[in-house]
Amino acid sequence: MALKVYVDRMSQPSRAVLIFCKINGIDFEEIRVDILTNKQFSPEYKAINPMRQVPAIVDGRFKLFESHAILIYLCCAFPGVASHWYPGDLFKRSKIHSVLDWHHSNLRRGTVGLVFNTIIGPLNGLPSNAQAAKEGEKLLVRSLAKLEDFWLKDGRFLTGSLQPSIADISLVCEIMQLELLSEKDRDRILSPYKKVVQWIEDTKKATAPHFDEVHGILFKAQKKFRERVATESVKNEVKSKM
Amino acid sequence: MTLKVYCDRMSQPSRAILIFCKMNGIEFEEITINILKGEQHTPEYKVINPMCQVPTIVDGDFTLFESHAILIYLSCKYPGVASHWYPSDLIERAKVHSVLDWHHANLRRGSVGVIINNVMLPLNGVPSNPQAAEEAEKTLEKALTVLETFWLKDGPFLVGRSQPSIADLNLVSEVMELDQLLSKELRDRILSPYKKVLQWVEDTKSATAPHFEEIHGVLFKTGKELREQLASQSGKNE
């Protein structure tokens with residue numbers, strides 16, 4: 001029975017799992033769970049993942065959620081996976097665990113805080129929370145600085161590695177979510193961090209062509225969101241002149 | 001060279017590491033970094049851990065931070081560690097990873113938020129943000145419900161296990177912070193509906209005796225002092 005992968009390509013950790021499977025030739029069935037239309041709350045999906053989040057996998061009778069746990073499981077369960085994704089060496093592996101753990105409360109929390117409160121929430125009619133967006137951006141910027149000065153100080157990839165690991169896919173997919181911001185905001189936030197910008201390119205190349213293919217939906221959404229925001233600000237400008 | 005463990009017994013993840021080392025007879029040197037006094041921000045400690053947090057370990061040339069990563073490293077490095085702490089079976093291990101990952105944005109985030117808003121800010125005379133306080137309590141209650149109905153549904157310990165794993169040490173230390181620092185009224189309101197969670201805390205204490213009580217000693221003492229201080233502060237305000 002083929003591995004089933006429940007995902008939404010708008011979700012950062014979903015994209016990480018998809019890219020990983022494709023680059024390693026893992027046979028799987030992709031099952032879309034559309035977050036924007038709340039499909040994660042259906043009773044059918046609750047049976048797969050009671051946390052009602054994506055991604056989740058079902059491998060035979062075994063169900064698993066949390067993307068880092070999934071990536072580690074796939075590295076160990078499928079023999080064809082090259083060892084640089086999750087090295088056998090205890091020290092290298094521990095550093096990968098360390099950055100994956102750091103990610104939750106830093107890069108991820110900052111990115112989600114900023115993008116949700118600036119773009120996703122307001123576009124879905126939720127009241128915008130400028131304070132939460134500001135705090136998200138502060139945490140994001142602190143996290144980018146830590147990536148630049150610490151996690152990428154010794155090599156092209158995280159924790160001083162010469163080749164990418166599951167941590168690189170996970171964290172780069174997170175940063176890609178900033179593509180939903182305006183071009184001006186995205187560049188303002190990212191451009192000071194030269195190593196981070198280079199690392200994103202290196203990770204894209206190392207996982208080509210799957211990286212761009214899996215991110216296709218994100219770029220479509222980016223175009224739509226930016227057009228909507230532009231329309232809203234024209235409307236507001238007209239209103240204010242009346 | 002002995003393993004060095006930089007920690008503060010007031011820190012939940014620090015206690016998990018200490019209990020683990022003592023339970024498994026791992027020789028180590030405990031070096032206290034006093035968080036309340038800001039010692040994690042000294043230049044000397046920043047060299048050891050640039051994130052300026054505890055716990056951190058230094059094992060010879062190797063430095064590691066993030067408590068889940070540390071517990072996994074110690075489980076694999078020391079051959080005397082019993083296999084139930086970090087199972088070698090791929091599926092059992094994956095479940096342990098899953099609950100450890102879930103912890104960050106759920107139990108930990110909720111618990112830290114509730115403690116900051118109900119204990120730390122009032123103690124320092126800083127008005128808390130009611131929206132942040134409400135969100136933290138919502139996150140915590142949701143996390144406790146998920147523990148009660150999902151993570152503890154199949155066994156005395158997390159993910160259906162009959163013996164504790166590193167996940168139990170870490171998550172129970174988190175619950176202890178709430179148990180000891182919140183006022184009796186708040187603790188009873190928030191924690192008492194969760195019978196399985198309360199039993200699991202007791203089971204983990206028993207399974208790690210006598211080290212659990214010994215390592216939590218600082219929290220018990222400081223918690224009592226902080227609760228008394230807060231009670232007298234609010235008495236004065238009335």
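**Exercise 1. Find how many residue pairs are in polar contact across the interface of domain 1 and domain 2 of chain B, and describe that interface.**

Step 1. Across this interface the rule finds nine residue pairs in polar contact, both residues at pLDDT 80 or more. A polar contact is a pair of N or O atoms within 3.5 Å; within protein, one must be able to donate a hydrogen and the other to accept it, and residues adjacent in sequence count only if both atoms are side-chain atoms.

Step 2. Note the basis: this is a predicted model, in which local features need pLDDT of at least 70 and side-chain atom pairs count only at pLDDT 80 or more, while totals for chains, interfaces and linings use all residues. Residues are numbered from 1 along each chain as its sequence is written, chains are lettered from A and ligands numbered from 1 in the order in which they are written, and side-chain values use heavy atoms, with hydrogens and water left out.

Step 3. Count the contacts (heavy atoms within 4.5 Å). Domain 1 of chain B brings 20 residues and domain 2 of chain B brings 27.

Step 4. Give the area. About 2,200 Å² is buried between the two domains of chain B, and carbon and sulfur atoms give 70% of it. Buried area is the accessible area (1.4 Å probe) that two parts lose on being put together, summed over both. In domain 1 of chain B, M10(B), Q12(B) and H68(B) lose the most area to domain 2, together 29% of what that side buries.

Step 5. Count the salt bridges (a side-chain nitrogen of Lys or Arg within 4 Å of a carboxyl oxygen of Asp or Glu). The two domains of chain B share three salt bridges. K22(B) forms a salt bridge with E214(B), with the closest N and O atoms 3.4 Å apart.

**Exercise 2. Describe the contact between chain B and chain A.**

Step 1. Chain B gives 26 residues and chain A gives 28 residues.

Step 2. The area buried between the chains is about 2,500 Å², with 71% from carbon and sulfur atoms. On the chain B side, M51(B), L90(B) and D101(B) lose the most area to chain A, together 20% of what that side buries.

Step 3. Between chain B and chain A there are zero salt bridges, but six residue pairs are in polar contact (both at pLDDT 80 or more).

Step 4. Helix 4 of chain B supplies the largest share of the side that touches chain A, ten residues. Helices (H or I, at least four residues) and strands (E, at least two) are DSSP runs, numbered from the N terminus.

**Exercise 3. Which parts of chain A does the salt bridge between D202(A) and R156(A) tie together?**

Step 1. The side chains of D202(A) and R156(A) meet at 3.5 Å, N to O.

Step 2. D202(A) lies in helix 8 (residues 194-206) of chain A and R156(A) in the loop between helix 5 (130-151) and helix 6 (166-176), so the pair ties together parts that are 46 residues apart in sequence.

Step 3. D202(A) is buried, at 8% relative accessibility, whereas R156(A) is partly exposed, at 47%. Buried means under 20% relative accessible area, exposed over 50%, and partly exposed in between (1.4 Å probe, protein chains only).
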